[in-house]
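Please keep the sequence and the model in view while reading.

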Amino acid sequence: NPIENLTLENIEVSLPGGVTEYEEHEVKPIGERYPEFHVLDPVPAKGIYARYTNNSVFKNISLAFKEDDVREVIFTEKCENLELIQIDI
């Protein structure tokens, strides 16, 4: 089921980055598995990867990367009415 009416606001995140090659692929649903970060690895975004969210807002989010990364900063999939406001990279 999609996540609905989620607001993420005033967040600073430092991410490792470091992906030098990325081949686009389908990220398969994880089913009943616990959503540890490595279960979906590699995801198509180096910063924000949003999937299955409706009527949500990501506001005033700062992203910093320790190493260069070839993936997109933000990648959304199967989202409805997702607002991205003041995303600082």
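**Leucine 40 and the basis of the model**

Leucine 40 counts as partly exposed, because its relative accessibility is 23%; buried means under 20% relative accessible area, exposed over 50%, and partly exposed in between, with a 1.4 Å probe and protein chains only. The model is predicted: local features need pLDDT of at least 70, side-chain atom pairs count only at pLDDT 80 or more, and totals for chains, interfaces and linings use all residues. Residues are numbered from 1 along each chain as its sequence is written, and side-chain values use heavy atoms, with hydrogens and water left out.

**Loops**

- Leucine 40 belongs to the loop between strand 2 and strand 3; strands (E, at least two residues) are DSSP runs numbered from the N terminus.
- Between the C-alpha atoms of leucine 40 and valine 27 there are 6.6 Å, while the two residues are 13 residues apart along the chain.
- Aspartate 68 is placed in the loop between strand 4 and strand 5, and it counts as exposed because its relative accessibility is 74%.

**Strand 3 and its partner**

- Strand 3 and strand 5 (residues 72-77) run parallel and are joined by 5 bridges; two strands pair if DSSP finds at least two bridges between them.
- Within this pairing, arginine 51 stands opposite glutamate 77 of strand 5.
- In a regular strand, side chains alternate between the two faces of the sheet.

**Rings**

- The structure holds 1 aromatic pair; rings of Phe, Tyr and Trp (its six-membered ring) pair if their centres lie within 6.5 Å.
- The pair is formed by tyrosine 49 and phenylalanine 75, and it is tilted because the planes stand at 40 degrees, with the ring centres 6.0 Å apart; planes under 30 degrees apart count as stacked, over 60 as edge-to-face and the rest as tilted.
- Tyrosine 49 lies in strand 3 and phenylalanine 75 in strand 5, so the pair ties together parts that are 26 residues apart in sequence.
- Phenylalanine 75 has 21% relative accessibility and therefore counts as partly exposed.
- Lysine 46 lies over the face of phenylalanine 65, at 5.1 Å from the ring centre; a charge sits over a ring if NZ of Lys or CZ of Arg is within 6 Å of the ring centre and within 35 degrees of the ring normal.

**The largest pocket**

- The largest pocket has about 990 Å³ of space. On a 1 Å grid over the protein atoms alone, a pocket is an open set of points where a 1.4 Å probe fits, with protein on both sides within 12 Å along at least five of seven lines, and lining residues have an atom within 4 Å of a point.
- Among the 32 lining residues, Leu40, Val43, Gly47, Ile48 and Tyr49 are the closest to the centre of the pocket.
- Strand 3 gives the most to the lining, with 7 residues.

**Strand 6**

- Asparagine 81 is found in strand 6 (residues 80-88), and its phi is near 55 degrees, a positive value in a residue other than glycine.
- Glutamine 86, also placed in strand 6, has a positive phi of about 55 degrees although it is not a glycine.

Technical notes:
Helices (H or I, at least four residues) and strands (E, at least two) are DSSP runs, numbered from the N terminus. Grid points are joined across faces, edges and corners, and a volume is the space filled by probe spheres set on the points.
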